[in-house]
Amino acid sequence: MADTHTLGKILERLELLTQGQKDLEKKVLSSPARNTIKGFIAPGSPTSKDSTTLMTSAPGGASTPEMFATLQGAQAGGDGPGKVDEGAKKANHLGMLTGSDIKPGSVEELYPKRAVLTTYPNTFGIAPFPLQWGAETPQSRGPIICSRIPTSLPLRNAIGAHSGSYSIYRALSIAMKLLPSDWRPDLKDTEPPFQIGPHEAWTGKDKKGLPKIVSLDPWGALSQEIWAKEFQAGIDIRPTISQTKAHIKIQEIDELYKAGKLKIDGDIVIKSPELSAFPGVPQGIEVNCFKAALDPVWYLPGVAERLGVQESTLRRALFEDTGGMYPELLTRPDLKVFLPPIGGQTVYIFGNPDYLSDETKELTFRPYLIFGIEEAIKCAQRGGVGVLIYFRKEGRGKLKPRSTRPYEQHSFLICFYPALGEVTKYLVYNLRKRTGDSAERYFK
């Protein structure tokens, strides 16, 4: 009898849970929120007709009805993790606080929704914008979307945040209420003044069938043009590469000019104008150049292959050693692109950028800042093009001479060891001074 009574109680509880789930399903399906953002419907987005899966299977098979409610609300700029509180009259049906319930200076003033801690591939309301890395055209490849603002959260197809480590300063600006939490940049008139590519390598495959480019977005400088329609629809799509024209004016270049190592040609090397405060005083020279800044964008399967590890191992290591900052590295195996919180590269081009792909022109890549600038300028003045790439990180590298163009004796392939960071670098300096300076022990 006791067993029958216990089983009856269990069955009663299961019936209550089933009915509760049906009530939750009815409530969410009656919500007007869908994947439509200002009239734009992402390709592959579920509609009310085909969105029938309401429970999400998390890793291990656990169901997460809270996440189901969360993402439906987030999709419309509302709800977040946590169960729906039927008795919370101050919250509307999407879980967003009303204006009269928000206290000035509280976190709800900036974020009137519950936080979405992570997502899962089959969660209702999640519809990543299609992304096919290495596709033949940028339209078929798709934009990089990693923003968590309400209009982009359901469409995210990448993990991480724009601007690498500098994303922290956006967060500080929002916390200080200098920016709204859903702020998007105005990209008008930010298009590059010169064009590089497209080239075969942008869509080419290696011998293993993987894309040749796996650590940056080759279309990243043209995002504001290629996906203008999607941006206007409210999706937060940002460039990961910027290009501009510039000039370099530093004392070391003036010293090279005084020593006769650089000549004024009126195009690449020009005379600096006089300053009104110092009439008649020569101001030396300056150098015209082209510049590009690149943020890292990693295609995880390709990066794992280059490192000789499994993608799952790479994801777990990145999750653990970033302090668990990016749980979707583990919960979203369907998202293959990651914007890591590290510095990128700055590229200086001396001469015509079109010559970069012209194999009849001399091309030189040079290490070391001042020496590299000097040799790149000389190469450009000979009718070629010089390139200097600055990695915004701390570490050490080794050089391998490599001949790449017919008129060039040597160029240099710079192979960087793992970056250390300033604090660790100075600790290594102390160790070397006390135990001896040997290259083989430098990174131990």
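**View A. Serine 163 sits in the loop between β3 and α5.** Strands are DSSP runs of E with at least two residues, helices are DSSP runs of H or I with at least four, and both are numbered from the N terminus. This is a predicted model: local features need pLDDT of at least 70, side-chain atom pairs count only at pLDDT 80 or more, and totals for chains, interfaces and linings use all residues. Residues are numbered from 1 along each chain as its sequence is written, and side-chain values use heavy atoms, with hydrogens and water left out. Phi of serine 163 is near 75 degrees, a positive value in a residue other than glycine. Most residues other than glycine have a negative phi. Serine 163 counts as partly exposed because its relative accessibility is 34%; the class lies between buried (under 20% relative accessible area) and exposed (over 50%), with a 1.4 Å probe and protein chains only.

**View B. The loop between α5 and α6 holds lysine 177.** Phi of lysine 177 is positive, near 65 degrees. Lysine 177 has 42% relative accessibility, so it counts as partly exposed.

**View C. Glycine 197 and proline 198 are joined by a cis peptide bond.** Omega is about 0 degrees. Proline 198 is in the loop between α5 (167-175) and α6 (200-203).

**View D. The largest nonpolar core has 21 residues.** Such a core is a set of buried Ala, Val, Leu, Ile, Met, Phe, Trp, Tyr and Cys residues joined through side-chain atoms within 4.5 Å. Ile144 and Leu318 are among those with the most contacts inside it. Isoleucine 144 touches residues including Trp133, His162 and Val337 (heavy atoms within 4.5 Å), not counting residues up to four places away in sequence.
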